[in-house]
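Hi,

Here is the structure I said I would pass on. My notes follow it.

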Amino acid sequence: MDQNILLGIFIPFAGTTLGSAMVFFMKKEMNQRLQKLLLGFASGVMIAASVWSLLIPAIGMAEDAGGIAWIPAAAGFLLGMGFLLVLDTVTPHLHFTEEKPEGMPSHLKKTTMLVLAVTLHNIPEGMAVGVTFAGAMAGNGALTLAGAFALSVGIAIQNFPEGAIISMPLKGQGISRTRAFAYGTLSGIVEPVAAFITILLTGLVVPFLPYLLAFAAGAMIYVVVEELIPEAQEGAHSNIGTVGVALGFVLMMILDVALG
């Protein structure tokens with residue numbers, strides 16, 4: 001595999017790792033207002049990436065193929081939402097803002113379920129990066145290598161605050177800084193793994209690229225609507241989360257338009 005492609009699929013993981021490392025530099029729990037701002041920011045990045053990097057190229061590909069442009073985008077989007085809904089329903093996990101676990105009943109440790117909750121977030125992001133690089137490698141006109149890198153950088157930027165949001169509460173649970181950093185880092189490893197598998201299957205993926213792009217978009221939007229935005233809007237100072245959404249959305253839009 002080309003070194004540039006390898007670099008591209010590991011950029012988001014680097015963002016999570018650097019964010020998780022904040023546990024070594026921040027002595028106290030993360031300020032609630034800052035956490036809301038960062039959750040909103042991550043939401044804005046994912047919404048913009050879903051539209052500019054995934055849905056718009058999916059519609060363009062369908063038009064170029066002479067088909068009905070909206071069918072792959074609509075079908076793939078709903079399948080992606082359904083896929084994350086099933087994972088969310090089946091996988092035992094626990095959100096930092098909740099006391100009661102979700103998913104199938106299990107005897108997993110609380111820290112394990114906290115990490116699993118964040119890992120679920122990262123699956124669609126890894127798929128999105130993988131499918132855009134797969135399309136660029138296949139020479140699809142709607143997907144460029146620069147655009148794939150723009151998506152990777154955008155996801156890495158929003159992974160940085162996510163990494164901190166993971167590791168800091170884990171430390172608050174009584175876990176050592178080193179273990180909290182390790183758990184935060186491990187939660188992000190699913191991204192390059194998902195991207196790598198997608199790229200390895202490029203030959204099979206290319207004919208279904210419009211559907212897969214929309215699938216990744218649907219999965220990402222599920223995470224935003226189901227978890228990130230509710231957490232950013234919970235309690236007081238919800239307008240700070242809204243500001244974060246605006247900042248993240250605009251930054252990702254600029255990245256995609258300028259580099260893609």
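Contact here means heavy atoms within 4.5 Å. The model is predicted: local features need pLDDT of at least 70, side-chain atom pairs count only at pLDDT 80 or more, and totals for chains, interfaces and linings use all residues. Residues are numbered from 1 along each chain as its sequence is written, and side-chain values use heavy atoms, with hydrogens and water left out.

Asp256 sits in helix α10 (residues 238-259). Helices are DSSP runs (H or I, at least four residues), numbered from the N terminus. Leaving aside neighbours within four places in sequence, Asp256 touches Trp52, Ser53 and Ala150. Asp256 is buried but has no salt bridge. Buried is under 20% relative accessible area (1.4 Å probe, protein chains only). A salt bridge needs a side-chain nitrogen of Lys or Arg within 4 Å of a carboxyl oxygen of Asp or Glu. The nearest side chain of opposite charge is Lys36, 29 Å away. Lys and Arg count as positive, Asp and Glu as negative; His and the chain ends are not counted.

Ala62 belongs to helix α2 (residues 32-64). Its relative accessible area is 6%, so Ala62 is buried. Beyond neighbours within four places in sequence, Ala62 contacts Gly67, Ile68, Ala69 and Pro72. Ile165 is 103 residues from Ala62 in sequence and 38 Å from it in space, C-alpha to C-alpha.

Now helix α9. Of its 25 residues, 18 are buried. α9 bends by about 40° at Val224. That bend is the angle between axes fitted to the seven residues ending there and the seven starting there. Gly235 follows α9, with a positive phi near 75°.

Best wishes

Conventions:
Helices (H or I, at least four residues) and strands (E, at least two) are DSSP runs, numbered from the N terminus. Buried means under 20% relative accessible area, exposed over 50%, partly exposed in between (1.4 Å probe, protein chains only).
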